[in-house]
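Please have the model open while reading.

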Amino acid sequence: MPSFLGVRTALALVVAVIAAGVNLLLNGDVQASLVVLVCAVASVLIAASGGEAPSVPERATLEPGKEPAIADVIEAIAEPLLVIAGSRVEAANQGARELLGHHVLGEDVRVAIRHPAAAERLMHSDEDAQAAPIHLVGLGTRDQRWEMRVHALGDGRRVVHLMDRTGSYAAERMRVDFVANASHELRTPLASLLGYVETLREDAGDDPQTRGRFLKIVFGEAQRMQRLIEDLISLSRIEAEKYRAPDKAVDLADLTQQVIIELSGSPRAADLVTQIGDVAPVAGDPTQLSQLLHNVIGNAMKYGRDATPVTVTLQPEGEAMVRLTVADEGEGIPPQHLPRLTERFYRVDSGRSRSLGGTGLGLAIVKHIVERHRGRLDIASTVGKGTTVSILLPVLRVS
Ligand code: ADP
């Protein structure tokens, strides 16, 4: 019975029976007691049919063929959604409750969203409210960016949809910064190149000594532009292949020896020390891994102190990985710079990097190559002692 009529109804019926019993005991009048009993049972049943509270939550299940309530529908959507009637919040899904607070149900939507631009939009009539989306800064955390769209349902209610645009906003800002930085990096050598060529066309070109000196500078600046353009092309190629995992068997020991031979003409070649262990082939792209080795060993030679060793170590890391370590004994890098070293054009000392021929893209390229190879990159440094770059790469799996 309790499952059919509800617990409270059953209790009320028991009380009705007891009341009739008490009446019988006190008055000894069977007919009057029966009347009491019938009236009590009838009033209990009338009350129960009109409003017994359901013993299961409303949203637990839906009867077949019954339209789902709008609150159930919006609950199935992860992005914050509110349904408002006039300006009162009628329903808010979990995303909205988490963003705006669990108290928003029943509140005025302008209080619930608490953003001047949102409040202004929501004050307008339904037709206006369907206009272009608006952008909200400072809703949620300070750095978050939201896009708010309002859609009228036609029955006086409106749906307010909030979309988190923080990621795409950050990506767009990075793209804009990158274009600005790349243009600046190219414009500097170009301006110098044009200046010297212009001077050479005038009187300075007549003096062989001055001409020789100027042409050397022009050649250096042109080389700088070439390095930059090559690095930019590499970066975009690596990014374009980001989701295609490399699958060639690359013998890192052979590749490292080859890169060391290629670097033998550079001023600090004599400081290179290699400790190459017996390592399994990695799953890789030989051209990109050669570029990775050039960039990391090249940096250690550039930023390491003269006549101190640059040690290149290759060793297995368990069965599944190979570890490449390049350690120098240079000035080191202050800890606050470490997290930003792989950003494009980020340099600890711009003047030093440029005078050593750096483009500011070497470690960004290394990071992208490591990511494409599903590897790991770590840079550890102690100021005054030196820097160690450590790279883990997965061994090629033979299936
Ligand atoms: P760059 O072309 O300037 O060398 P990278 O992207 O290769 O650019 O490196 C970014 C910055 O990180 C460099 O400008 C330099 O300040 C710092 N850096 C990289 N490697 C080392 C190292 N081995 N020792 C000290 N600083 C380093």
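In what follows, Ala, Val, Leu, Ile, Met, Phe, Trp, Tyr, Cys and Pro count as nonpolar, Asp, Glu, Lys and Arg as charged, and the others, Gly among them, as polar. The model is predicted: local features need pLDDT of at least 70 and side-chain atom pairs count only at pLDDT 80 or more, while totals for chains, interfaces and linings use all residues. Residues are numbered from 1 along each chain as its sequence is written, and side-chain values use heavy atoms, with hydrogens and water left out.

**Cavity and pocket**

Both terms rest on a 1 Å grid over the protein atoms alone: a cavity is a set of points where a 1.4 Å probe fits but cannot get out, and a pocket is an open set with protein on both sides within 12 Å along at least five of seven lines. Lining residues have an atom within 4 Å of a point. Points are joined across faces, edges and corners, and a volume is the space filled by probe spheres set on them.

One cavity of 30 Å³ or more is found in the structure. The largest cavity has a volume of about 40 Å³, and its lining consists of Glu185, Arg224, Leu228, Arg347, Gly358 and Thr359. By class, this lining has three charged, two polar and one nonpolar residues. Where does the largest cavity lie? Domain 2 (167-240) and domain 3 (245-399) both give residues to its lining, so the cavity lies between them. The domain bounds come from an automatic or database domain assignment.

The second largest pocket holds about 450 Å³ of space. It is lined by 20 residues, of which Met174, Phe178, Thr342, Glu343 and Arg344 are the closest to its centre. Elements giving two or more residues to this lining are α9 (166-201) and α14; helices (H or I, at least four residues) and strands (E, at least two) are DSSP runs numbered from the N terminus. The largest share, seven residues, comes from α9. The lining of this pocket has 10 charged, seven nonpolar and three polar residues. Domain 2 (167-240) and domain 3 (245-399) each supply at least three residues to it.

Two strands pair if DSSP finds at least two bridges between them. Five strands form an open sheet with mixed pairing, in the order β7-β9-β10-β12-β11. The twist averages 15 degrees from one strand to the next; axes are lines fitted to C-alpha atoms, for helices over the stretch in contact, and angles run from 0 to 180 degrees between N-to-C directions.

| Strands | Sense and bridges | Residue pair |
|---|---|---|
| β7 and β9 | parallel, five bridges | leucine 272 and valine 310 |
| β9 and β10 | antiparallel, seven bridges | leucine 314 and leucine 324 |

Contact here means heavy atoms within 4.5 Å. Helix α14 (residues 362-372) also packs on the sheet; it touches β11 and β12, and its direction makes about 140 degrees with that of β11.

The hairpin of β9 and β10 has three residues between the strands, and glycine 318 there takes a positive phi near 65 degrees. β11 and β12 also form a hairpin with three residues between them, where glycine 384 in the turn has a positive phi of about 90 degrees.

**The antiparallel sheet**

A further open sheet is formed by five strands in the order β2-β1-β5-β4-β3, with antiparallel pairing. β2 (88-92) and β3 (134-137) are its edge strands, each pairing on one side only. Neighbouring strands are turned by 30 degrees against each other on average, direction ignored. Strand β1 (residues 81-85) pairs with β2 in the antiparallel sense over four bridges, and isoleucine 84 stands opposite valine 89 in β2.
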